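Dear colleague,

I am handing over the structure that we spoke about, and below it you will find what turned up when I went through it. Please read the notes with the structure open beside them.

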Amino acid sequence: MLRRPVRIFSGIQPTGRKHLGNYIGAIRQYVAGQERAAQSGDEAIFCIVDLHATTVAYDPAVLRERLYDTAAILLAAGLDPRRAILFRQSDVHEHTELAWLLSSVTALGELQRMHQFRDKSLAQRELVSAGLLFYPVLMAADVLAYRAQEVPVGEDQREHLELMRDVARRFNARYREGTFIVPEGRIPQVGARIMDLQDPERKMSTTGSTEEGTLFVLDEPAAIRKKFRRAVTDSGTDIRRAPDKPGVTNLIDILSVARGRTPEAVEAEMASARGYGELKTAVADAVTDMLAPVRERYGELRGDEDRLEEVLAEGARKARAICGGVLADARDAMGVGPRPHA
């Protein structure tokens, strides 16, 4: 039996400076997915989701700059426009139309119960936008528009992924079976949640983390070493992963990813270490080595915004060639628009 090609899709917000959690939980996954797709004849599609970024208060000029920053980091990390599709969400209007169509099979109560909506709405002082509530529907449209089978995401997106799967099943059952593929998530076994270096009970993030606890992809080696040297650890001296040792567990996970080894192998290697200082030094060295090529390549790419626009525009053209047919099928299944040509 012939193997059917697999389509991989994921999106990343252009907000904020990209940090180690973004790199390990998403960007490295994208590059790995691209490589797997290239070797097996599959297809990898990645999107910078600028429309999602408009659901909370933002500065338009900063958003545009961060979009270019994000595109340059993705390319610097190893995404290759010749082997994967990379585009800007707002350039492909099919996403927003499909989101509206999918709203017919999305329950209001499901959206109101999303943890991200509740957390972010509490943080809004002036306006809780309808876009913030509708965010998971647009995310569902992003993926379902390409009939993607695999979605690389971080642990914090698991809830949105489950809603997406429910929406696909509901649409197929109500309107036409087979219109959408029910996608599967791909969440890394190690590094799905990189924690704040100063508060290891809290996930590293652009908005909720401390400056000292957030390690940015473009940090200089001296800054990387300083942040790891000051990282909060736990009582005791033994180096092991455990619920009562969140700081040490976080450092072991980071070192595991940076060296491409299992956490168990890292624990065994560090068993003879004299205190947490050696662990911190090992993590700092490994992360510095891991990020150095990205930082250097980024410097070459970021200054040429015209070239970045060309990459995004070509990616959008390829993306529309795929999702246009899926949207047409959804419209036809719902009885929306003119009859399709025989």
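In this predicted model, phenylalanine 171 has a relative accessibility of 0% and therefore counts as buried, where buried means under 20% relative accessible area, exposed over 50% and partly exposed in between, with a 1.4 Å probe and protein chains only. Phenylalanine 180, with a relative accessible area of 3%, is buried as well.

Before going further, a word on the basis of these notes: local features need pLDDT of at least 70, side-chain atom pairs count only at pLDDT 80 or more, and totals for chains, interfaces and linings use all residues. Residues are numbered from 1 along each chain as its sequence is written, and side-chain values use heavy atoms, with hydrogens and water left out.

The structure holds five aromatic pairs; rings of Phe, Tyr and Trp (its six-membered ring) pair if their centres lie within 6.5 Å, and planes under 30 degrees apart count as stacked, over 60 as edge-to-face and the rest as tilted. One of them is the stacked pair of tyrosine 30 and phenylalanine 46, with 4.6 Å from centre to centre and 25° between the planes. Because tyrosine 30 belongs to helix α1 and phenylalanine 46 to strand β2 (residues 43-48), this pair ties together parts that are 16 residues apart in sequence. Both tyrosine 30 and phenylalanine 46 are buried. The ring centres of phenylalanine 171 and phenylalanine 180 are 4.8 Å apart and their planes stand at 65°, so that pair is edge-to-face. Ring pairs also link Phe9, Phe87 and Tyr146 into a cluster.

Turning to the helices (DSSP runs of H or I, at least four residues, while strands are runs of E, at least two, both numbered from the N terminus), the axes of α1 (residues 20-40) and α2 (residues 60-77) come within 9 Å and cross at roughly 60°. Axes are lines fitted to C-alpha atoms, for helices over the stretch in contact, and angles run from 0 to 180 degrees between N-to-C directions. The two helices α1 and α2 are therefore oblique to each other, since angles under 35 degrees count as roughly parallel, over 145 as roughly antiparallel, 65 to 115 as roughly perpendicular and the rest as oblique. In their contact (heavy atoms within 4.5 Å), Tyr23, Ile27, Tyr30 and Val31 of α1 meet Ile73, Leu74 and Ala77 of α2.
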